[in-house]
Amino acid sequence: MLSLKLTGIHLKNPLMLAAGIMGTTGGSMKRIAQSGAGGLVTKSIGVEPKSGHGNPSMVEVDCGYLNAMGLPNPSYKNFQQEIDTAKESGVPVIASIFGGCALDFSQIAGAIHADAFELNVSCPHAHGYGAEIGTAPALVEDITHVVKNVADVPVWVKLTPNVTNIKSIGLAAQKGGADAVVAINTVRAMAIDIDSGYPILGNRFGGLSGRAIKPVAIKCVYDLYEALDIPVIGVGGISDWKDAIEFIMAGAQAVEIGSAIGNNINVFNEISSGMEKFLSEKEWDLEDIYGMAHRL
Amino acid sequence: MKPVNAEITEVVSETPTIRTFFFDRSFGSEPGQFVMAWIRGVDEIPMALSYNNAITVQKVGSATSALFELDKGDSIGIRGPLGKGFDRKPGHILLIAGGVGAAPLAPLAENAASDGIKVTTLLGARTKEELVFKKRFERAGDVIIATDDGSEGIKGYVTQLIDNTEYFSQIYCCGPEIMMKKVLDKILPSKAQFSLHRYIKCGLGICGACCMDGLRVCMDGPVFSGEALKKSEFGIYRRNECGERVKV
């Protein structure tokens, strides 16, 4: 009932693990697959091993989580074995990759074997990477184009919401040949410890995820669905089946789930059964609700 | 939760390299749980609670060195208690502690003894001076000691003291991973619990940095049953800050 084809990849349900969550080791991705995810997006992988920002790198705030991990990763040279282990679960594995320039992206995409690539041009707090690239349409188009040339699998581009007009970045990705866009990455944010005056994160500022950003993400997905011809994958603050339905109605063909895993590692199974129950009660299927809000 | 402000009320020197920092607040923890201790402007590190209101720290790196600069009246930020502690079992329990690994086991010993559970402790350290919480374990039950240099107890490793484990209802172990792996190989895994140390970033079960196979040390642990560890990478490799595999 929930299965679909997304950019040519068969998914048993539209619920995928978001990048940066439980995605560094093959074992942890396998566990998420066993708890019902339809797809697995890895931790963002770069050219060289990177230890990331100093701690605190994540803290719970009133209505979500604030993080500045700083793209810690073992580099693509040490990562194929983790993807291969994750693939033993039988669930598609999408490699999230990042770089400082188009060449970095193509070097990684040319060496790694995965079911798709998700280009991270949207991390809000890594100097010289991520959103520093993803806010410039010309760079996004160029990077997408270069990766498309070396990759023989679908290429998704993950967008930052920290721009004036997300549609222009989405259009740039589409022009570069992207098979889908993923929206959104975290929203730039900060928290200060009032007992001392110190910014809490080791990196001083970071990105907000979780419940608080869901309405922001819904609007971005809605706008991108209107503007683009390629599929939109929704991510940002999904913690139950109602959230997932809402994203699909806004125009997401599939969704990714991240922060909600902390308190509930079985969130994928719960969301898929909740969605199935809702859809059968309404006598709808995924196709019926896909982009529904646009038709009303 | 955001870090709460914890003021240091007392610093106790346990050994030449290990100190206990007492705070003005209690963290209502079960033995084996941990906190993320934020030394502002430096780093945030996972630390076992050695009392409801204290952490016991070995000076090993920049964050612990910065902590050692602090004294009564200074404060740090604390997130916690986090994770899953020891599962208490009745009967006669055996504790196996190596070095600063005694920190989470001492409150377990006290807790168990006050509830009438019989406690025997195997306590190991490099030297007599480096034995941690010897008196606390002695007040809770029998203590057998091993030191690397033989300055107290038998000369050798605490793992050499393991004998007749079928006699005990449950075994609780914390210490260097190589020591814990030796313990795991010597006993019935289903009857033992181990408190693990891994590089922890979020402490919230989200980022996956501390994952050991599919197990999240910060959330599913840090205490795991021997059975869960038996088939895992435990004792073989761990992950560094980058997520690369590093031999234990």
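Me: What are axes, and how do angles run between them?

Reply: Axes are lines fitted to C-alpha atoms, for helices over the stretch in contact, and angles run from 0 to 180 degrees between N-to-C directions. Helices (H or I, at least four residues) and strands (E, at least two) are DSSP runs, numbered from the N terminus. The model here is predicted: local features need pLDDT of at least 70, side-chain atom pairs count only at pLDDT 80 or more, and totals for chains, interfaces and linings use all residues. Residues are numbered from 1 along each chain as its sequence is written, and chains are lettered from A in the order in which they are written.

Me: At what angle do the axes of helix 5 and helix 6 of chain A cross?

Reply: The axes of helix 5 (residues 137-150) and helix 6 (residues 166-175) of chain A cross at roughly 30° and come within 7 Å. Angles under 35 degrees count as roughly parallel, and these two helices of chain A are therefore roughly parallel to each other.

Me: Which residues of helix 5 of chain A meet helix 6 of chain A?

Reply: Two residues are in contact if their C-beta atoms, placed from the backbone, lie within 7 Å. Pro137(A), Val140(A), Glu141(A) and Thr144(A) of helix 5 meet residues of helix 6, including Ile169(A) and Ala172(A).

Me: How do strand 5 and strand 6 of chain A run?

Reply: Two strands pair if DSSP finds at least two bridges between them. Strand 5 (residues 58-61) and strand 6 (residues 64-67) of chain A run antiparallel, joined by 4 bridges. A hairpin of 2 residues links these strands of chain A, and Val61(A) has Gly64(A) as its bridge partner.

Definitions and conventions:
Parallel < 35°, antiparallel > 145°, perpendicular 65-115°, else oblique.
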